[in-house]
Amino acid sequence: MRHECIVLADAPAALVEICGISSLERLLRQLQRLGLTKAVILSGTPVLIAQHLARPSPNRAEVALDIRPSTPENWPNDTGRVLVVAGDRVLDSRLLQLLDEQDCAATLVDSAPPPSLQPLIASEPETARGRLCGAALLESDSRPSSPASFQKMLQDKIGAGQIETIDIACRDWNIASLRRTLRPYWFPAQGKNAERVLLDAAQKGTLDLPAMVHAPIENFLVSYLCRTPITPNQLTATTNIVAWSATALFATGHLGPGVILALAVGILDGLDGKQARLKIETSEAGKLEHWFDALFEISWWIALAVFFHVSRLLPAAFSYLALLLSAEAAAGLAKWSVIRRCGRLIDELSDFDRVVRLVGGRRNIYVWLFALGVLFQAPVSAFKLIAWWGAVTAAIQVPRAAWAVRTRCR
């Protein structure tokens, strides 16, 4: 981060837990991921705040904390422009980053809050420019000492035209990693509605058909997992154990138990990412998850091909395996070329591409097809169908990607 940060945090408001962590803990984790190394916390209840933060957390360990009583005299000297955040607010990390990028005093406002936020922010201060979001970039001569005085100061400055306002309702908020446009959230820490907003923000967009079924199940499970000490990496490890167990079952011909585990992986595989995004516990190790996913997915098709070939149920099993893997490689290369050229996934380019994503060849779809084949005692036919489904999907996406790259992502 470019600027120093001051957090105005009074107990109990800043210590309200949502999805397993307090709003203050969440904020400090966000600041660490934005590159902050030191935060001054001004509090009317410094002892309670210090007790709450006494427990070590690797997710904010790089942020040195300086907890002080909330008086103007304790405001850091010679800080220049400083980022000030109310510790009892839950703010999207993108809003903090947006403020930090400014070169003049500015505050966040929302002139058109969406219906999902209305129950949470109905009592928040309103100005002629919109409702205050609870964060601002201030000059060193502005020294609020509590969340209440902070909000009043911002109202006065906006009314007098002494501070720039950044209206978050007037910006494009597409997130490539989540495959969706996601408006930033902001609200005071409170209740079940807040949890629903955070769970929705952790959900990826442009889902395939099975993932649309998985999503509410994942949200239900994560809403409980987030209150436990279980980490995203532990969830990743669990998913891989289940996935490789399915590989062993497929290779030995235990197709029914194998497909049950493969179906379970479809749900388990979404838990680690959601847990990480929900509790701000993303890590470099977590980025390896996609490679692990690719490995166990390929192992499933290889294991099935080996079983079908050895058992003589499908002598040409390796030919179908080659067709499937070639199609997956071609489709993967096409998707990569669109990301590199357009900065977006191919699934986001048009309604047609979103339909292809909904039913096109990918792991969840393949597993569902194979599950139906096992259910109706036609696993060999299902394996053939999977290979051809992948080939047809690649035949659609490769020329589509070529056209998008040639026409500048249309």
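Which element gives the largest share of the lining of the second largest pocket? Select α1 and you have it: 3 of the lining residues come from there.

Before going further, a word on what you have loaded. This is a predicted model, where local features need pLDDT of at least 70, side-chain atom pairs count only at pLDDT 80 or more, and totals for chains, interfaces and linings use all residues. Residues are numbered from 1 along each chain as its sequence is written, and side-chain values use heavy atoms, with hydrogens and water left out.

**Stop 1: the pocket**

Pick I21, R29, R55, K279 and E281, which lie nearest the centre of the second largest pocket, out of 26 lining residues. Then colour β3 (21-22), α1 (23-33) and α8 (232-251), the elements that give two or more residues to this lining. (Helices are DSSP runs of H or I, at least four residues, and strands are runs of E, at least two, numbered from the N terminus.) The space inside comes to about 640 Å³, taken as what is filled by probe spheres set on the grid points. A pocket here is an open set of points on a 1 Å grid where a 1.4 Å probe fits, with protein on both sides within 12 Å along at least five of seven lines; lining residues have an atom within 4 Å of a point. Colour by class and you get 7 nonpolar, 10 polar and 9 charged residues.

**Stop 2: strand β10**

- β6 (82-86) runs antiparallel to β10 with 4 bridges; look for L83 opposite L137.
- β8 (106-110) is also antiparallel to β10, again through 4 bridges, and D110 has R131 as its bridge partner.
- β9 (126-127) is antiparallel to β10 with 2 bridges; E126 stands opposite R131, and a hairpin of 2 residues joins β9 to β10.

**Stop 3: the cysteines**

How many disulfides are there? The count is 0, with a disulfide taken as a pair of cysteine sulfur atoms within 2.5 Å. Show C104: its nearest cysteine sulfur, that of C133, is 16 Å away. C104 is partly exposed, at 33% relative accessible area. Move to C133, where the nearest cysteine sulfur belongs to C170, 12 Å away. C133 is buried, at 0% relative accessibility.

Technical notes
Nonpolar A, V, L, I, M, F, W, Y, C, P; charged D, E, K, R; others polar. Buried < 20%, exposed > 50% of the residue type's maximum accessible area, 1.4 Å probe, protein only. Pairing = 2+ DSSP bridges.
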